[in-house]
Amino acid sequence: MLDYAGTHALVADLVLPGGASMYVMSALETSRELIRHSYYRYEFATVAVTHSLFALEHVLAERLAANEPVHDLIERATGAGLITAALAAELHRSRLLRDGLAQGAESSAALRQAQAVAMVRAVFDAVSLLLRPPSAAEATAAEAGGAQPGGGLARLWEDHLRALFPDGFRGVDFDGVELVLLDADVAGLVQRELKGGLDDTGVACLWGCIADLDKIVPLINEEYCASYFTKLRTMARVAAARHIPAAQGE
């Protein structure tokens with residue numbers, strides 16, 4: 001790698017998967033950025049791989065509805081046809097590296113950049129596959145097992161609580177809308193809706209926040225920040241939809 005700019009091309013195909021929670025997106029983006037910054041400190045390449053496993057384990061546990069060691073989760077996902085055997089082998093390489101670091105058998109200088117990119121790419125690929133909608137067979141099995149349907153305002157709120165506010169955007173405003181204040185306003189209104197419901201004033205404030213979100217989201221040109229506020233807007237709209245009167249029939 002001749003210069004830092006060259007690291008951008010190195011990770012260019014590590015694209016954040018659509019439909020991921022903010023926690024997963026944050027973990028994957030951090031892994032990608034650690035590889036880029038390994039130009040300055042090469043140990044970051046190894047740390048990038050181990051950090052990406054946070055996202056993998058989280059998605060595996062959600063998709064399989066199981067709280068098991070990541071080794072078992074990978075095997076279950078492979079057996080269910082959610083990921084390929086070749087991809088599983090790459091994921092196990094990352095897992096073994098993490099275990100080696102924890103046991104002192106490996107050091108944080110274990111990988112070169114190219115090796116780290118290949119291993120992190122396997123995690124990105126696996127997460128993308130796992131986030132695909134369940135097949136009809138999976139959905140039937142879930143219903144038979146009494147699984148609770150996903151989604152809903154409470155689920156969106158839990159996801160929001162796990163998300164990190166975008167770095168570097170505190171104190172930043174777009175078109176007169178300060179991001180950190182808008183985030184806090186929506187969070188407070190959604191929390192009130194979940195705890196007992198909004199009054200008319202609260203509903204009006206929420207719709208005002210949605211209007212601000214509609215205005216600023218297209219102006220954000222940073223990937224994680226744009227996704228963070230897009231999901232904030234979705235959560236706000238779900239909360240507000242509860243207060244839209246049903247159409248009156250004749």
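Predicted model: local features only at pLDDT ≥ 70, side-chain atom pairs only at ≥ 80, totals over all residues.
Good morning. In the protein chain, 70% of the contacts with a separation of 6 or more are between residues 24 or more positions apart.

Let me turn to the overall architecture. The protein chain holds eleven helices and two strands. Read from the N terminus, the order of elements is α-α-α-α-α-α-α-α-β-β-α-α-α. Of the 250 residues in the chain, 41% are buried. The accessible surface amounts to about 13100 Å², and carbon and sulfur atoms contribute 54% of that area.

I take Phe-54 as a local example. This residue sits in helix H3, which spans residues 44-64. Is Phe-54 buried, exposed or partly exposed? Its relative accessibility is 38%, so Phe-54 counts as partly exposed. When neighbours within four places in sequence are set aside, Phe-54 is in contact with Tyr-23 and Ala-27. Leu-28 lies 26 residues from Phe-54 in sequence, and the C-alpha atoms of the two are 8.5 Å apart.

Finally, the cysteines. How many disulfides does the model contain? The count is zero. A disulfide is a covalent bond between the sulfur atoms of two cysteines. For Cys-209, the closest cysteine sulfur belongs to Cys-205, at 6.9 Å, which is too far for a bond; the cut-off applied here is 2.5 Å. Cys-209 is also buried, because its relative accessibility is 6% and the limit for buried is under 20%. Cys-225 is likewise buried, with a relative accessible area of 0%.

Thank you for your attention.

Conventions:
Residues numbered from 1 in each chain as written. Heavy atoms only, no water. Buried < 20%, exposed > 50% of the residue type's maximum accessible area, 1.4 Å probe, protein only. Helix = DSSP H or I, 4+ residues; strand = E, 2+ residues; numbered from the N terminus. Contact = heavy atoms within 4.5 Å. Areas by Shrake-Rupley, 256 points an atom, 1.4 Å probe, with all protein chains shown as cover.
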